[in-house]
Amino acid sequence: MPDDELDEAFELGRTCALAAECGRDLRRCAQMYSGLFPAAAFGAEFYSALTLGTAFSAPWARADRLKIVNRTALWVVALDRLVDHTVTTREQVNRLTRECLSVADGAVPQSAITRFLADLRDELSTVKEFDDLQWLWRDQLARMMAGMTRAWVWRDTHALPTLARYLDNADSRGSCFVDVSHWIYTADSWTKTHLESVRAVSRQVQRYLHLLGDVASYRRDMSWGDLNVLSLGVSRAEVTTMMAVLAREAEALIEPVRAHSPRTAVYLRRQIGFNAGFTGISDFEPVT
C-alpha cells in the first residue's frame, strides 16, 4: 500500500475510533435525562450517525473536546422531538421557550429538557470566555427556539411558506447553536474574539443543511406529518439548485476565515461535505 493510502487509512480509522468513543459518552449522557431519549427512537445507529458527523468535522480533536458539540446536538434533537411530537398547543410551545431561555439566564431547571440545558450551560461556564460570550449563546438559543415555534405554527395552521421564508427560518435546524456552543468551549482565540462574525458564516452553512436534511428525511417527515421543504409546492430540482447556490455562498464566506483560523474553516466546510456524503445526496453542483 502506498504511503499516502496508508496515511489516509490511518486517519480514517482514527476518526472512526474517535466517533465511537464520543458515541459511548452520548449514550451515557442520554441515560441521565429520563424520558428524553426512549430506546425505540434513539437506537445505536442514531448515536453513531451523530458522532460520526462531529468527529469527521473536527478529526484533530480529543473526545473530551467534542463533548459539548455532541451533547448540544443531542439536546437540540431532544428539543426538536418535544416541539414536533409532544407539545400540542401554542401555549405549550411558548412555555417551553420561556423555560429554556430562563435556564439559559441562570434559572433552576424544572424538567428533564431544561436540566440538560442547565448542565450544558454549567459546563460552558467552566470556560473563562463564557462570561463575555454568554449573550451570544443565549441569543442563538432564542433564534433557534423562535424558528422552531414558527415552524410549529406553520405546521399547525397548514401554512405554505415560500422557499425564501422557509430558508429564513433555518435557525430552527439548530446547527448554528451547536456550532456556537462548540466554539465557545474549544475554539482558538481568534474565533472566540470574532464569534459574532463567524456565527454569520455558520448560519449560512445552516441554511444549506436545512434543505439537505429535508431532502434526506422527506419520506419520514411525510409519514409523521412534519414540515418539509418538498411539501411546500417546491420541486426537488428547485431545492437542489438552491442547495448548490447556498454551498457556493457558504464557501465564499468560509474562505476568508481560513486565513485566521484554518480549523474553524475546515470544520465548517466539512459539515457540508460530510453531511452530503452521509445522506448520499449528491445530485447538485459540488463545492470546488
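Tutor: Let us start with a definition: a residue is buried under 20% relative accessible area, exposed over 50%, and partly exposed in between. The model to which we apply this is predicted.

Student: Why is Arg207 called partly exposed?

Tutor: The relative accessible area of Arg207 is 22%.

Student: What makes Arg207 and Asp168 a salt bridge?

Tutor: The criterion is a side-chain nitrogen of Lys or Arg within 4 Å of a carboxyl oxygen of Asp or Glu. For Arg207 and Asp168 the N to O value is 3.5 Å, and therefore their side chains meet in a salt bridge. Because Arg207 lies in helix H10 and Asp168 in helix H7, the pair ties together parts that are 39 residues apart in sequence.

Student: Is Asp168 buried or exposed?

Tutor: Asp168 has 56% relative accessibility. The cut-off for exposed is over 50%, so Asp168 counts as exposed.

Student: Why does Arg155 count as buried?

Tutor: Its relative accessibility is 18%. Buried means under 20%, so Arg155 counts as buried. The side chain of Arg155 also meets that of Asp84 in a salt bridge, at 3.3 Å from N to O. This pair links distant parts of the chain, with Asp84 in helix H3 and Arg155 in helix H6, 71 residues apart.

Student: How many salt bridges does this rule give?

Tutor: The count comes to 17 salt bridges.

Definitions and conventions. Residues numbered from 1 in each chain as written. Predicted model: local features only at pLDDT ≥ 70, side-chain atom pairs only at ≥ 80, totals over all residues. Heavy atoms only, no water. Helix = DSSP H or I, 4+ residues; strand = E, 2+ residues; numbered from the N terminus. Buried < 20%, exposed > 50% of the residue type's maximum accessible area, 1.4 Å probe, protein only.
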